[in-house]
Amino acid sequence: MTMKPKAKKFRIRRGAGPTAAAAAARPSADAAPQAAAQPSEQPARAQSVPGPKGDAAAAPAPPNAKPAMSGQVSSARETGAETDIDAIRHEGLTGRQLRMARRVAQKHNLPATSDFDAVRLLREKGIDPFKRANMLELVVPQNSAQPAGGPLAPGAVQLPQTVPAAKTNLPSTELSATERRNRQIQDIQRDIASRRRRKLLLLVSRLAFFVMLPTILAGYYFYKVATPMYAAKSEFLILKADNAGGAGLGGLLSGTQFATSQDSIAVQSFLQSKEAMLRLDRDVGFKSHFTQEWIDPLQRLNENPTNEEAYTTYSRNVKIGYDPTEGVVRMEVSAADPEVSAQFAQSLINYAEEMVNNLSVNKRSNQMKDAERGMEIAGIERRKAQEALVRLQQKGAVLDPEGVILSLRSQISTFELQVQENELELAALLDNARPNKAKVAGTRADIARLQAVIDRLNQRMINASAGENSLASLSVQIQMAQADLATRDLMLQSALQQVEQTRMEANRQVRYLTTAVQPVPSQEPSYPRKFENTILAFLIFSGIYLMFSLTASILREQVSS
């Protein structure tokens, strides 16, 4: 933040200058030169400062004037001075010219009460305040080598000396306005520079304390304290048997990696679970490896760690990722010993293989159980339908009631045809005038007998089609039982086909794990990555410091506003 420079106003002390005191202390030897110089100065005063009426009011009073007349002359002088000041005001002088006149009047020890009065007094003395030589005299000091009483330049005005010439070049106790302003500006600049240095020093101190010191500590830990960890990398795939006869969407996806994506995700979740950690600790000793004393405190477990603490270390040292575009499961296991890391990785691969086999076995066994249960139910239902048909057939003592009814109907039809033939024959005999009585009687007897047979057959038909145990109802029940038996036969056949198809599908859905990259013990430590981790720590601490400083600045701005 830059502060505006502040400079005091230029002021000149009012009051009688050193002229009167110098004149009083001046020796009588100087009176003669002054008296000689008086006649030469008076015309100049009269010419430079004319009075308002052009009379002797502007002329100085003689030294031997009476005191009574001095009051009148003083009043006339005051009136002329006021008129001269008004005339000078109307000249339109600039502020710079007035300040220059005031400085020249101060240089010549003239008791000026204002800037316009300074112009008037200088003109009375015969000095042009706006002359270039007078301006330069304010900047360039007088030549001290010139004697006080030396010869004057042509056209120069000899002013009365109020102080000795040797003392004119002494430094003044008061500074000019420009010098005071420059000094104040320099003070402000020095203050701003000191504040900037102080703020910069505070900023550097805060950065060193909140950023550099934690970064140095983190780097010291990564380079000197952290125990090197050896990583064993491995890759494996989960594949399925070829399904050449697959159809539909499953057949389209059977040859791609998406067919086993669910199994791969399930295996990944299992290897990252607490169950896998407990099994690894039970088989290989995961906890005992990370509780050794030579491991650094940040990576070492306690002597009797809980499962949650061990699982945190397990999650940090076992990294598993699944790439759905390639269908590959990548695993990286870190340990303080390269051989132990490879052993951990191989054990986890074995666990994953067992899990894949269990997944496929369960799936196949479930499908086969469902198909076999369906076939068993179909066989039981067919057996029940067949037993019902046999019971119906045994109930009526007729194996084929419908055939019996058809036989009766055919017999009735045959006898009815015979009756019609006999009736025609009887009618032909009766058409004779003298028919043969024996033939007529025989034909009528045949018709009666056939009619009796037909009536008896009709009665049997009525008995067979009437009642609950009639041949008609029995025939309908048998037909329904036969239809039910046929349906059960079809269902049993379908169940058999389903069992065979399920067996084939189960054989095609076999999952097996293939290890593409075997875990190999590492010869050089993989972790910690010293330089990368140090840079990361620096960025983290810098971000935290920046976040807190921005928050503090915003809060300070809100409070100040």
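1. Buried here means under 20% relative accessible area, exposed means over 50%, and partly exposed lies in between, with a 1.4 Å probe and protein chains only. By that cut-off M461 counts as buried, because its relative accessibility is 15%. The model is predicted: local features need pLDDT of at least 70, side-chain atom pairs count only at pLDDT 80 or more, and totals for chains, interfaces and linings use all residues. Residues are numbered from 1 along each chain as its sequence is written, and side-chain values use heavy atoms, with hydrogens and water left out.

2. M461 sits in helix 15 (residues 437-465). Helices (H or I, at least four residues) and strands (E, at least two) are DSSP runs, numbered from the N terminus. Setting aside neighbours within four places in sequence, M461 is in contact with I405, L408, R409 and I412. Contact means heavy atoms within 4.5 Å. L408 is 53 residues from M461 in sequence, yet the C-alpha to C-alpha separation is 7.0 Å.

3. D117 belongs to helix 5 (residues 115-124). D117 counts as buried because its relative accessibility is 5%. Beyond neighbours within four places in sequence, its contacts are I85, P111 and A112.

4. D323 is in strand 2 (residues 318-323). At 19% relative accessibility, D323 counts as buried. The side chains of D323 and T325 are joined by a polar contact of 2.7 Å. Such a contact is a pair of N or O atoms within 3.5 Å; within protein, one must be able to donate a hydrogen and the other to accept it, and residues adjacent in sequence count only if both atoms are side-chain atoms. Leaving out neighbours within four places in sequence, D323 is in contact with V328 and R330. I265 lies 58 residues away in sequence and 9.8 Å away in space, C-alpha to C-alpha, from D323.

5. The second largest pocket has a volume of about 400 Å³. Of its 14 lining residues, Q299, R316, Y527, P528 and N533 are the closest to its centre. Helix 7 (177-225) and helix 12 (307-317) are the elements that give two or more residues to this lining. A pocket is an open set of points on a 1 Å grid over the protein atoms alone, where a 1.4 Å probe fits, with protein on both sides within 12 Å along at least five of seven lines; lining residues have an atom within 4 Å of a point. Points are joined across faces, edges and corners, and a volume is the space filled by probe spheres set on them.
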